[in-house]
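User: I'm new to this one. Can you walk me through some helix packing and salt bridges?

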Amino acid sequence: MVRLGDWDEVLAPLFSDERYLKIREFLKKEYAEHTVYPDMYDLYNCFRYTSFASCRVVLLGQDPYHEPGQAHGLCFSVKEGVKNPPSLENIFKELHDDIGMQKPKNGTLTKWAKEGVLLLNTSLTVREHLANSHSKCGWSWFTDSVIQIISEKKEHVVFILWGGNARSKKPLIDKRKHLILECAHPSPLSAYNGFFGCRHFSKTNAYLTANGLAPIDWDLND
């Protein structure tokens, strides 16, 4: 049984749904027969590090990094000691340009998660070397449901949507009571088409502060 703190009650209807049980059966076979990322014990880290009560920002990724040693259950984040992927390098460049944050020593974003940033991928698993290989197994239903639950049950959450996959989730979010920030993906292929200069980090904090919520401490060097 998955234990995820205050998410247990929030996500209970999903975990008892037969669609989730089909995902579990699929994953049992995949983990047994192939190399799958992240490690199964890290699969739900985004919920473990960010409680439902503390969640003030949802940063949406696509699927986990699919090369050895990178993914650990938080979108865009890599384990300590692992080289930063190009998208993460661009995120750190925008962070510096937006709020002056110096480049951190590593690409581990667990501090953001503990600050209240849900680092959610739309697919929670991937087969080694094969991007999007688990995108059809049912994860979209599960993570779409998570987005809808947050939208329905909370107020004044900032949803950060980078790239086409994330932006396609806009209809799931009630824009009357939440802020949606969207732009191009930080990938080197698209970052110059609107990601650089988006200032989403400072815009997030301006919105949270205006609504009486604590801003996010984006500085990973503390």
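User: At what angle do helix 4 and helix 8 pack, and how far apart are their axes?
Analyst: Helix 4 (residues 86–99) and helix 8 (residues 200–210) pack at about 60°, with axes 8 Å apart. Helices here are DSSP runs of H or I with at least four residues, numbered from the N terminus. Axes are lines fitted to C-alpha atoms over the stretch in contact, and angles run from 0 to 180 degrees between N-to-C directions. This is a predicted model: local features need pLDDT of at least 70, and side-chain atom pairs count only at pLDDT 80 or more, while totals for chains, interfaces and linings use all residues. Residues are numbered from 1 along each chain as its sequence is written, and side-chain values use heavy atoms, without hydrogens and water.

User: Which residues meet there?
Analyst: From helix 4, Ile91, Glu94, Leu95, Asp98 and Ile99 meet His200, Phe201 and Ser202 of helix 8. Contact means heavy atoms within 4.5 Å.

User: Salt bridges next. How many are found in the whole structure?
Analyst: The search finds 12, each a side-chain nitrogen of Lys or Arg within 4 Å of a carboxyl oxygen of Asp or Glu.

User: Which residue does Lys111 pair with?
Analyst: Lys111 forms a salt bridge with Asp217, with the closest N and O atoms 3.0 Å apart. Lys111 is in helix 5 (residues 110–115) and Asp217 in the segment after helix 8, 106 residues apart.

User: And Asp17, buried or exposed?
Analyst: Asp17 is buried at 17% relative accessible area (buried is under 20%, exposed over 50%, partly exposed in between, with a 1.4 Å probe and protein chains only). Asp17 forms a salt bridge with Arg19, which is partly exposed at 44%.

Conventions. Helices (H or I, at least four residues) and strands (E, at least two) are DSSP runs, numbered from the N terminus.
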